[in-house]
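Hi,

Here is the structure I said I would pass on to you.

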Amino acid sequence: MAASKINLDPDLLAILVCPKCRSEFRVDDDANELVCTNAGCALAYPVRDDIPVLLIDEARETKEAETH
Ligand SMILES: [Zn+2]
């Protein structure tokens, strides 16, 4: 068997929001993460044993670094 996919309850996923910006998530199976759909936030939260770790301290930024 290949690496396990995220197996989240859709009802659970539907109520989860980014703790930083309150946006919805999309599931990234390859990275085992929940990724904030807010382009201005775009934090990715790890999922461990099918349990999302919705801690800003644990999240990583997926936003591309831009210099303004
Ligand atoms: Zn967010």
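**Starting from Leu-34**

Leu-34 sits in strand E2. Keep in mind that this is a predicted model.

Is Leu-34 buried or exposed? It's buried, because 25 other C-beta atoms lie within 10 Å and the cut-off for buried is 20 or more. If you skip the neighbours within four places in sequence, Leu-34 is in contact with Leu-16, Phe-25, Val-27, Tyr-45, Val-47 and Pro-52. There's also a distance to look at: Val-17 is 17 residues away from Leu-34 along the chain, and their C-alpha atoms are 9.7 Å apart.

Phe-25 has its own list of partners. Again leaving out neighbours within four places in sequence, Phe-25 is in contact with Leu-13, Leu-16, Cys-18, Leu-34, Val-35, Cys-36 and Thr-37.

**The core**

Which residues make up the largest nonpolar core? There are nine of them: Cys-18, Phe-25, Leu-34, Cys-36, Leu-43, Ala-44, Tyr-45, Val-47 and Ala-59. Two elements, E2 and E3, each give two or more residues to this core. E3 provides the largest share, with four residues.

**The chain as a whole**

Stepping back, you'll find one helix and five strands in the chain. Going along the sequence, the order is α-β-β-β-β-β. The chain has 68 residues, and 15% of them count as buried. As for contacts with a separation of 6 or more, 17% are between residues 24 or more positions apart.

Most residues other than glycine have a negative phi.

Arg-22 isn't a glycine, yet its phi is positive, near 65 degrees. You'll find Arg-22 in the loop between helix H1 (10-15) and strand E1 (25-28). Arg-22 counts as exposed because it has 10 C-beta neighbours inside 10 Å, and the cut-off for exposed is 12 or fewer.

Ala-42 is not a glycine either, and its phi is positive at about 55 degrees. Where is Ala-42? It lies in the loop between strand E2 (33-36) and strand E3 (43-48). Ala-42 has 18 C-beta neighbours inside 10 Å, so it counts as partly exposed.

Cheers

Note on methods:
Residues are numbered from 1 along each chain as its sequence is written. This is a predicted model: local features need pLDDT of at least 70, side-chain atom pairs count only at pLDDT 80 or more; totals for chains, interfaces and linings use all residues. Two residues are in contact if their C-beta atoms, placed from the backbone, lie within 7 Å. A nonpolar core is a set of buried Ala, Val, Leu, Ile, Met, Phe, Trp, Tyr and Cys residues joined through C-beta atoms within 7 Å.
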